[in-house]
Amino acid sequence: MRRYFGRKLLTYTLTLFIAATIDWLIPRFMPGDPVYGLMSRMGNNSSPEAAKALSDYYYNLFGLNQPIWQQYLNFWGGLLHGDLGRSVFEHGQPVTDAIMAAVPYTLALLIPAILLSWWAGNSFGALAARRKWLDNTMLPVGYILTATPYMWLGIVLAFVFGFTLKMFPFANSYGLNLEPSFTWLFFTDLVAHWMLPFLSLFLVMFGGWAIGMRNMIIYELDADYSRYLEALGAPQRLVRKYAFRNAMLPQITGLALQLGVIVAGSLVTEIVFSYQGVGLLLFNAIKSEDYFLLQGIFLFVIVGVLAANFLVDIAYVIVDPRTRVGMRGGTA
Amino acid sequence: MSSVIASEPKAEQAPQSPGAAAAVPTPKPRGEFLYFALRSRKFLIASTILLILVGIAVLGPIIDSTNPNAQDGLMNQGPSLKAGYWMGSTSFGEDVFSQFANGLRATFFVGLLGGGLAALVGMAIGFTAGYRGGWIDEILNMVTNVFLVIPTLALLIVIASYLQRSWPEARGILFEAIFVGLTSWPWAARAIRAQTFTLRSRDFIDLAKLSGRRGWKIILQEIAPNMSSYLFMTFILLFGGAILIAASLDFIGLGPTNGMSLGLMMYNSLNYGAALFLGLWWWFIPPGIGIMATVGALYVMNVGLDEIFNPKLREI
Amino acid sequence: MSLQVSDLKVYYRTLAGDVKALDGATFSIADKEIMGLAGESGCGKSTLGNSLIRLDGRMRYVGGSVNLDGNELPVWDNQGMNEFRFRDVSVIPQYAMSAMNPTRKIGTMTAELLESRGEKYREIKPELLRRIDLVGLDRDVLGRYPIELSGGMKQRMVMVISTLLDPSLLIADEITSALDVSTQRAVAETLVSFRDHGFVKSMIVITHDVSILYQTADTILIMYAGKLAEKAPTKTIIEGAMHPYTKMLISSLPEVGVRYANKKLSGIPGSPPSLLRPPVGCRFRARCPLAFDKCVEEPPFVKVARDHMAACWKVTGSDA
């Protein structure tokens, strides 16, 4: 167990370190001067002295006038204190605060979408492997869904259920005429706004899981242990039960591998629906060239994905006895 | 794309089905491929769809040479043959068909180049790690795992948003394809490494080693040809993946500034054209269908090829 | 007569047509008999073994019958065979190392398998433990996962599970090929002891390695290219084989007890014919040094001496 988690933790630490370093490197080694870029964007309606003062201020802020190793150390110092700088777009608010305000919305979309699609997709995939007609209809649907760009499915759902049928609102996280509060009215409004972005995430993921499960089950049904059970006359019920359980394991690993893609999917989906999660914040940061915010979100997404990966690792150890056995120092 | 990982072909497994293997004379490989390919419904449907899409991408801009970015036509025209916009026009008066055909071109370009580049990097790392083993494998494996966890799109967003200010010339489709390719190789490297591992201990590799051939020659002459079908299928999946990533990037507004792409069409329709609120469906529906059809056909083709190459999956 | 197989034909479906992997096998096995089944790889011996318990997806039953202890086995009917599997016919598969579900404790898996066949695990468990002792495993293997066992331990465990319901016929398919020499000997001895303890009535030991049969088998059946070539008591096969193929096979062997790799036997020039379109007449004709014009007719598999069957015109005489 220690070896397994030790390795995982080493990978994650290294990933975080490399990602943070990339995050630090990009603005410094891109061609062009980031401060100049910032200044030119603000327009030149101030006097040369004021411009000089402003540019000095930014050089200081970025720490660009210090030796490079000092800059790097400062960066880590700030990072470890949770200081990701201040956001221009959010009127000088600390980047951490801006992100934290958006996170609940993103999680409210992601967590139910991931868990429900994983559950439903696996159940459906297992069912499809058993019934020919379901397999023949589900397989093409699954492939179409998994090949659909997240944002486009979002646009289509917004157009059909929002614009045309007027069943659900398709912009913002809650009605602009409401104030966030613990009232039934606000809650139902929140759910109505949540529905379409959730659905588009759910559907695309569902297709992927269902196909994955179907393929895994077929593979497991051909495995030696399945053939042995059949040779000893075990009923299909038992053979399928074993195959299903074992096919679940790669699906858990698959979840970890897919997290990056899923998070990317939620980012673009939020943009479609102007859903005020991290994705929309990122979009605004890009549009307003708010680099502190942009880099902060990047780091935040990495940390989130790493944490989720770690959760999946723990779940895997609970479900797959082989990992535990290896950890006990068995003959693995 | 989870299906992608899960459906990685389990090809080239050592044990054949008992008994029959030795006695069955296998037809010539090429003949066999054609025989199964022409009987695989999945393969045939997918390649037909792909051919049609390639046709539109190649011929479309030639037949209809309207500049996709020319804002000089009628605005907000629905699809009709009369007005001369058979796929409609945007709220800036651009021709949707011209945008679609040019965008499809860009999509295939990004897929081919990005997917190809990712396949090359994946092969270089996967072969080296799987063939050499030892500490080289440990290090490459660690690097692969690190890049497997970093969300590709997030990384690309940061890079692209800096580029758009400091080096605008790099915001072309060529650079986009290169960046996508350089960030989407990790799972391919891992899969190829695993395959190489199983091949490494086979007799014919030992024989090649004994005859004193160089490592990279053995990889190129013995290992790669033995898993060529697997490599081709990996490329197909990378092809589809690159298209999806590039589309997301375009949709965020970080795509090429000087051309047209399907993702950019969606971006423009939503952010500048308010197409969703005006109901200009002919503007945002086609690009999504283009991507979906291309990537879906690639995925289905992959499954079809899997059944063609892997006798265990064939239905007789 | 424990097992009586007559004119059993099982083909492999391929694109190019049927591969006649088992083309008319007629033989019988007596109670208490351990029959070795040997031949080059691809001669149809595994097909024969499989067809007695479970045809895999690409095998097609073409004809013939199998009778076990007076009951006709419905070998063509996958569902119908279920009743006989495990209780009457059982198998120790080629892939014994990976035959147990990797994510289930061995005891749990065994219990679930038995319950699914309508047996009471609790009633059988004392016997199970006794047999685990007998093959020299710790009783706590039941609480372990397969991955915790070594290859040899897994093999022994599968042997115990497969024979738990005291089947009449046990098919042991290439079970020694993955083992080292000393473990091979132990496995062979265990097989014999299973018969002696009455866990199984009769046994077919399939192998490409004739030497393993010296210490195990009472009789040996030699197959060539989908056909039976010769069957006789072990001693007779080794010392007084009559079929030219058997003779060459035995003489090409290295010393008794030395393991023979799974390769084409280099001692016999040429290679077996394609079973897709096998030649008419004796299938060994092209490689046979004794072949003569009569061999274009198919030789019948007939009794040539007491307990000795062979299919060769040179042996039976051309006017037989």
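This is a predicted model: local features need pLDDT of at least 70, side-chain atom pairs count only at pLDDT 80 or more; totals for chains, interfaces and linings use all residues.
Mentor: Two residues are in contact if their C-beta atoms, placed from the backbone, lie within 7 Å.

Trainee: What share of the contacts in chain A between residues at least 6 apart in sequence join residues at least 24 apart?

Mentor: In chain A, 72% of the contacts between residues at least 6 apart join residues at least 24 apart. For chain C, residues 24 or more positions apart account for 64% of the contacts with a separation of 6 or more.

Trainee: How many helices and strands does chain A have, and how many are there in chain C?

Mentor: Chain A has 13 helices and 0 strands; read from the N terminus, its elements run α-α-α-α-α-α-α-α-α-α-α-α-α. Chain C contains 10 helices and 12 strands. The radius of gyration of chain C is 20 Å, close to the 20 Å given by the globule rule for 320 residues, so chain C is as compact as a globular protein of that length. Its C-alpha trace spans about 65 × 40 × 40 Å along the principal axes.

Trainee: What percentage of the residues is buried in chain A and in chain C?

Mentor: Of the 332 residues in chain A, 43% are buried. In chain C, buried residues make up 47% of 320.

Trainee: How should I read the packing of helix 7 of chain B with helix 12 of chain B?

Mentor: Two packed helices are described by the angle between their axes and the distance between the axes. Here the axes of helix 7 (residues 152-166) and helix 12 (residues 228-252) of chain B come within 10 Å and cross at roughly 45°. Angles under 35 degrees count as roughly parallel and 65 to 115 as roughly perpendicular; helix 7 and helix 12 of chain B are therefore oblique to each other. The crossing of helix 7 of chain B past helix 12 of chain B is right-handed.

Trainee: Which residues of helix 7 and helix 12 of chain B meet?

Mentor: From helix 7 of chain B, T152(B), L153(B), L156(B), I157(B) and A160(B) meet I245(B), S248(B), L249(B) and I252(B) of helix 12 of chain B. By class, the residues of this contact are 7 nonpolar, 2 polar and no charged.

Trainee: How many residues of chain A and chain B are in contact?

Mentor: The size of an interface is often given as the accessible area lost when the parts come together. Here we count residues instead: 58 of chain A are in contact with 49 of chain B. Among the elements giving two or more residues to the chain A side are helix 1 (2-29), helix 8 (184-221) and helix 12 (291-319) of chain A. Helix 10 of chain A gives the most to that side, with 12 residues. The side of chain A that touches chain B has 40 nonpolar, 14 polar and 4 charged residues.

Notes. Residues are numbered from 1 along each chain as its sequence is written. Chains are lettered from A and ligands numbered from 1 in the order in which they are written. Axes are lines fitted to C-alpha atoms, for helices over the stretch in contact, and angles run from 0 to 180 degrees between N-to-C directions. Helices (H or I, at least four residues) and strands (E, at least two) are DSSP runs, numbered from the N terminus. Angles under 35 degrees count as roughly parallel, over 145 as roughly antiparallel, 65 to 115 as roughly perpendicular and the rest as oblique. A crossing is left-handed if the near helix is turned anticlockwise from the far one by less than a right angle, and right-handed if clockwise. Ala, Val, Leu, Ile, Met, Phe, Trp, Tyr, Cys and Pro count as nonpolar, Asp, Glu, Lys and Arg as charged, and the others, Gly among them, as polar. A residue is buried if 20 or more other C-beta atoms lie within 10 Å of its own, exposed if 12 or fewer, and partly exposed in between; C-beta atoms are placed from the backbone. The radius of gyration is taken over C-alpha atoms; the globule rule is 2.2 Å times the number of residues to the power 0.38.
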